[in-house]
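Work through the exercises below with the sequence and the model side by side. Try each task before you read its solution.

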Amino acid sequence: MHTIDLAHHLGRVRETRPLVHNITNHVAMNTMANVLLAYGASPAMAHAREEVGEFAALAGAVTLNIGTLSPDWVNAMEDAARAANGAGTPWVLDPVAVGATALRREAGARLLALSPTAVRGNASEIMALAEQGRGGQGVDSTDTTEAAERAAVVLARRTGAIVAVTGETDLVTDGKRLARVAGGHALMPLVTTLGCALTGVVGAHLAIGEEPFDACVAALASYAVAGSIAGEHASGPGSFAVAFLDALHALDANTLTARAQLEITHAT
């Protein structure tokens with residue numbers, strides 16, 4: 001049975017403080033930067049087409065999020081993806097509400113064609129990207145992660161990317177293996193852009209050069225444990241947001257290893 005040393009992955013992120021270049025949406029920038037700083041990584045938020053190629057080549061990882069996209073931003077994302085590919089830099093696609101409009105479907109397809117290292121989205125987004133669903137209600141998923149399991153496996157096999165489906169129980173697959181990551185807290189969906197910020201944490205783990213499937217699972221496991229801890233101290237979404245940053249910052253190897261809820265099986 002495949003095992004993942006979660007403590008090792010967390011330690012490597014903290015030791016190396018990787019630079020993660022994020023072209024993300026307007027709503028997510030502040031949350032994402034704070035989450036990455038709390039976790040131990042170094043965030044960069046740059047979306048001007050004139051500089052994204054340079055940033056992507058400098059960074060340890062790149063993340064691309066289509067949440068508040070425009071044609072200029074899509075062009076910049078494509079430039080960043082090509083620069084990352086040219087530099088051997090891993091990059092993550094976050095296909096926010098990809099099934100909602102023609103603009104998003106086209107942008108998602110164009111970026112997917114540039115071979116992301118990983119794709120992270122909710123169940124409806126992954127199903128839409130795999131052309132097996134309608135895409136949810138705006139940015140919110142109307143499907144469960146279990147319903148998206150087959151779409152995730154198909155998408156991973158078709159693209160070669162690691163596919164992470166986040167929800168009540170997260171799924172990660174490379175088309176051969178399937179990891180289920182439990183944990184988190186019911187308040188997490190009530191704090192905007194925590195999912196977008198998770199994409200940055202996935203990028204931070206990919207940046208340290210470990211096997212991409214293991215890196216993605218480790219990122220989601222850390223996030224889930226921090227969410228569970230934050231939920232123990234929060235009385236609502238506002239206090240949860242603060243408690244979650246504190247929990248990420250305080251997360252240590254022993255706590256992560258003891259509290260992670262992880263199961264890895266063969267994908268079918």
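Helices (H or I, at least four residues) and strands (E, at least two) are DSSP runs, numbered from the N terminus. This is a predicted model: local features need pLDDT of at least 70, side-chain atom pairs count only at pLDDT 80 or more, and totals for chains, interfaces and linings use all residues. Residues are numbered from 1 along each chain as its sequence is written, and side-chain values use heavy atoms, with hydrogens and water left out.

**Exercise 1. List the buried residues of α1 and say why they line one face.**

Step 1. Apply the cut-offs: buried means under 20% relative accessible area, exposed over 50%, partly exposed in between (1.4 Å probe, protein chains only).
Step 2. Leu6, Ala7, His9, Leu10 and Val13 of α1 are buried.
Step 3. Look down the axis of α1. Its buried residues fall within an arc of 165°, so they line one face of the helix. The arc is that of the directions from the helix axis to the C-beta atoms.
Step 4. Recall the general rule: an α-helix has 3.6 residues a turn, so residues three or four places apart point the same way.
Step 5. Find the cover. Contact means heavy atoms within 4.5 Å. The elements over these buried residues include α2, α8, α9, α11 (253-259) and β9 (261-266).

**Exercise 2. Which residues of the largest nonpolar core touch the most other members?**

Step 1. Define the core: buried Ala, Val, Leu, Ile, Met, Phe, Trp, Tyr and Cys residues joined through side-chain atoms within 4.5 Å.
Step 2. The largest core has 52 residues; Val172, Tyr223, Phe240 and Phe244 touch the most other members.
Step 3. Ask which helix gives the most. α9 does, with 14 residues.
Step 4. Look for a second core. A separate one has 44 residues, including Val74, Ala107, Met127 and Ala128.

**Exercise 3. Is arginine 177 buried or exposed, and which side chains make polar contacts with its side chain?**

Step 1. Locate arginine 177 in strand β8.
Step 2. Arginine 177 has a relative accessible area of 18%, so it is buried.
Step 3. The side chain of aspartate 174 qualifies at 2.6 Å. The side chain of glutamate 211 qualifies at 3.3 Å.

Technical notes
A polar contact is a pair of N or O atoms within 3.5 Å; within protein, one must be able to donate a hydrogen and the other to accept it, and residues adjacent in sequence count only if both atoms are side-chain atoms.
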